Amino acid sequence: MRSRLCRRPTGMAMSIRGERIMKNMSILTQFIFGFSVIMLALTIVVSYFSYQKSSVILYRKTNQFLLYSINQMNERMNSTLEQYDEFSKQLAYSPAVLDFLTQIHMNKTTKLQKYELEKELARQSQTFARDIIVQIWDENENAYTALNGFNLAWSNMNQLKDMSWYPQVAQAEGSIVWAGGEMKNTILVPAVIGSRIINSWIDLKPIGQILVIIPANVIETISQDKQLAEIDNIRIVDRYHRIVYSRRTSEIGRTLAEEEQSLLRLQDPSIMTETIEDNERFIVKSHSSYSQFTILSYFNKNTLEREMKQMQLRIVTIGLVALAGSVLFVLLYSWSLSRPLRLLTKSFQNIRRGILLPIHGQYTNREVITLIHGFNKMVADLNNAVKDLADKQISEEQAQLIAMKAQFRPHFMYNTLNTIFWMLYNKGEEQPAEMVHSLSEMLRYTIQPGSDLVPLHEDLKQLQR
């Protein structure tokens, strides 16, 4: 018959091993271990949920911040363009310009010469900004330009009419139209062009056109904001999808890609996401109803994740500091909590060595006070019991001593009687000597050890004595 060997389950063996380890651990070690595990678990749980919650808040706040910053940039851009708009309006409808264009419209000889008008344009534009170009066209397609270090990107009206934004100017009915373009400064440089029709103050018919050409670096100063420093790229796109400004200068003047043009047509969302070569980024859109420019800001998700990792590192650091403080607190708290029990343990060990001393001190724990009072009472009872046993032992020793003394006295009398017997016998007084001898034998029979039961012949002999 084959015998079977029963193996204890691994889990049960580990459980028993754990119980043995816990039994061999002191109460201070158990307190420290238990509290440390609890604090570590709480720290991990709190840190995890704090990171998750903080990530959501950071994501939402980042989106709100980006949208707010871009809207602020849009407002600053609109404010700048409105200033130039107001300047072009004042210049276009100044008496000198209106009178000059009206005379041409009526086929009359103008009082001002061409150079005088251009000088007046240069003077007025110079007081506003030195780096812009102001140009006025009359009905005869003659141009009057105030040049301040820059040249125009076109030389005749036909080139101007070929521009994509030009038809929009006539439809604006005197309002300014903003679009992206170019100006010359030895090379073509990106610019923002604003154009409006000048109407006659007599019959309100178009008598000319004014253009304000602004270099794109004026727009660039608007985007130089510390709040926008973390943004990867900012693009300003006109209504014809031309990139008026970009932090990547190589993109300025180009037409926006077709897939990104679809983003401009989305009216509802202001924050969108886009994935390019597995690189996800946020796109924040802000459209200006005044200039019809759209600001697109691109924020790489890796930048946000880097900030999240920094935040995670801060949370972990705070968690470790909190854990270290918690462990220190656990050590102090466990030591103070286990101190009475350790005193009790030491006092019980002293009892085994025969040292019966009570525990003194003030304690605030009700259960500990009860244990210490019980221990002190037990020590007092043990002291009393030891004293009683000691007194009882002393009494027994005294009784034994008395008994020994009682034994010594009969022997003394027995010896004395023998001495008297021999004195009488030596003098020849046999009868008194015999009486003394009988008395001596009676005493010997009385003090000799024995039981209450004796042989009959011994008792008869005693009677004869």
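User: What does the accessible surface of the protein come to, and what share of it belongs to carbon and sulfur atoms?

Analyst: Good place to start! This is a predicted model, where local features need pLDDT of at least 70 and side-chain atom pairs count only at pLDDT 80 or more, while totals for chains, interfaces and linings use all residues. Residues are numbered from 1 along each chain as its sequence is written, and side-chain values use heavy atoms, leaving out hydrogens and water. Using the Shrake-Rupley method with a 1.4 Å probe, where for residues only the protein chains shown count as cover, the accessible surface comes to about 30100 Å², and carbon and sulfur atoms hold 56% of it.

User: Is T102 buried or exposed?

Analyst: T102 sits in helix α3 (residues 95–105); helices are DSSP runs of H or I, at least four residues, numbered from the N terminus. Buried means under 20% relative accessible area, exposed over 50%, and partly exposed in between (1.4 Å probe, protein chains only). T102 has a relative accessible area of 4%, so it is buried.

User: Which residues is T102 in contact with, leaving aside its neighbours within four places in sequence?

Analyst: Contact here means heavy atoms within 4.5 Å. With those sequence neighbours set aside, the partners of T102 are S200, W201, I202 and I207.

User: What share of the 465 residues in the protein is buried?

Analyst: The protein has 12 helices and 11 strands, a strand being a DSSP run of E, at least two residues. Out of its 465 residues, the buried share is 34%.
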